[in-house]
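Got your viewer open and ready? Let's take a short walk, one selection at a time.

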Amino acid sequence: MDLLLNRDDLAFRDELRRFLADNVSDSMRRAIDLTTGFLIEPDVLIDFHRALDRKGWAVPHWPREHGGTGWTPVQRYIFDLECGRAGVSAYNASGSHFVGPVIIHYGTAEQKQRYLPRIRSGEDFWAQGYSEPGSGSDLASLKTKADTDGADYVVNGQKIWTSMAHRANRLFALVRTSTAGKRQEGITFLLIDMDTPGVTVRPIIGNGGDHEFNEVFFSDVRVPKANRIGEENKGWEVAKYLLEFERGGRVLAGQVRAQFAKLVRLMAARCPDDPAMQVRIAEIGTDLDAMEMIDLSVLSALQAGGNPGPISSLLKLRWSEIRQAIAEAAVDVIGEDALVWPVARPLYETLQLPPEDEAVLAATPRYLNSRAFSIMGGTSEVQTNILAKTWVGL
Ligand SMILES: Cc1cc2nc3c(=O)[nH]c(=O)nc-3n(C[C@H](O)[C@H](O)[C@H](O)COP(=O)(O)OP(=O)(O)OC[C@H]3O[C@@H](n4cnc5c(N)ncnc54)[C@H](O)[C@@H]3O)c2cc1C
């Protein structure tokens, strides 16, 4: 989609392109191209994040007093789009896009002072401890409990599907502090240091072969009450606020456009004259355009200091569908060659194949991994329920 950019926006875009050319190295780009999971390893992106921080661009979406840039929605959009084109994404979305806005909104002055600069600089890497076995969509049923002991909570229980917990030094978690009354009224939002005695991380390997998520166990983990966000038993409101940012607080267009461009190249190389595939890809492109317009309207709301609101559920729903459609079409374009993956995986990173061949090899694990898009951050059915309730009044 081509927006009509004014002169200032064009100058901004040129400056950004120069910055990206100077700071996204070939080795970084290759490591990203080789990534088949949905998250990029922190080691790959940290230098880029530090360069952003030096430039004052690490957390453009935050208020200026905490290091934000004050960009217009169009500038933010250009930033995300150009980063996607260059192949880079947020270093740690759980930090800068999820818990960062929560600390800004609900945190005490001490919490803001302690955590925000470390997210901005990349010193801290956050993971999200919401889901538990048996408590995913029905999150309010969570059981990990925190008992009061003097100035501390003592946490016992288990989280699951905790993305990048094996790389994180901090975790934001929902814990149960009361079983009286409504389930939602006994939940508290805590910030937990991963090196606290009693925290154990165990890997879960995804169906595409990547290690991205984990189980996290807590055994008598002492967490200072000073690490609580908001009031005790009022964590549900904080949790929901965060989810709006997780589902709709950032523009995914750049990343998704980059995947789409790869798909178009793949089709041109392998089945340029297939009319059914041309129609399918044109439909995906049209959906992308429509989603970008909604993204822009949400960015305007965020710029005015608001939170995304229920439209975040629509964004989450449609972006996950579009990303799945791209991954599925890639496998169909490749056909049976996509099945060589199980044999090729051990050699993948060492073979130094031409990019077209790498795209073929990566298609199957990316497809398998993409099945998770409609589950992570709340399933499609849950998003549909939220939209039915908030928009249609059902
Ligand atoms: C790749 C990936 C990364 C993740 N990362 C994290 C993370 O970092 N931190 C974290 O806390 N969690 C994470 N999750 C967990 C994720 O939030 C949950 O998997 C998700 O909320 C669904 O919960 P569940 O797996 O328990 O499925 P369930 O809730 O058991 O759902 C099973 C099925 O039932 C359907 N269903 C459930 N309730 C309803 C309903 N009321 N109406 C209609 N249908 C319903 C669901 O849509 C789904 O199809 C991740 C998940 C994935 C796949």
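This is a predicted model: local features need pLDDT of at least 70, side-chain atom pairs count only at pLDDT 80 or more; totals for chains, interfaces and linings use all residues.

Residues are numbered from 1 along each chain as its sequence is written, and side-chain values use heavy atoms, leaving out hydrogens and water.

**Stop 1: the ligand**

Look for polar contacts (pairs of N or O atoms within 3.5 Å; within protein, one must be able to donate a hydrogen and the other to accept it, and residues adjacent in sequence count only if both atoms are side-chain atoms). Click Trp161: one of its polar backbone atoms is 2.8 Å from a nitrogen atom of the ligand. Gln128 also has a polar backbone atom 2.8 Å from a ligand nitrogen. At Glu381, a polar side-chain atom sits 2.6 Å from an oxygen atom of the ligand.

**Stop 2: H8 and H9**

Helices here are DSSP runs of H or I, at least four residues, numbered from the N terminus. Select residues 253–270 for H8 and 275–303 for H9; they pack at an angle of about 165°, with their axes 11 Å apart. (Axes are lines fitted to C-alpha atoms, for helices over the stretch in contact, and angles run from 0 to 180 degrees between N-to-C directions.) That makes H8 roughly antiparallel to H9, because angles under 35 degrees count as roughly parallel, over 145 as roughly antiparallel, 65 to 115 as roughly perpendicular and the rest as oblique.

Now show side chains. Contact means heavy atoms within 4.5 Å, and among the residues making it are Phe260 and Leu263 of H8 and Ile281 and Leu288 of H9.

**Stop 3: H1 and H3**

Go to residues 7–23 (H1) and 42–55 (H3), whose axes come within 10 Å and cross at roughly 140°. H1 and H3 are therefore oblique to each other. Glu15, Phe19, Leu20 and Asn23 of H1 touch Phe48, Ala51, Leu52 and Lys55 of H3.

**Stop 4: H10 and H12**

Finish with residues 311–334 (H10) and 355–370 (H12): their axes come within 9 Å and cross at roughly 140°. That makes H10 oblique to H12. Which residues of H10 meet H12? Highlight Gln324, Ala327, Glu328, Val331 and Ile334.

Technical notes:
Helices (H or I, at least four residues) and strands (E, at least two) are DSSP runs, numbered from the N terminus.
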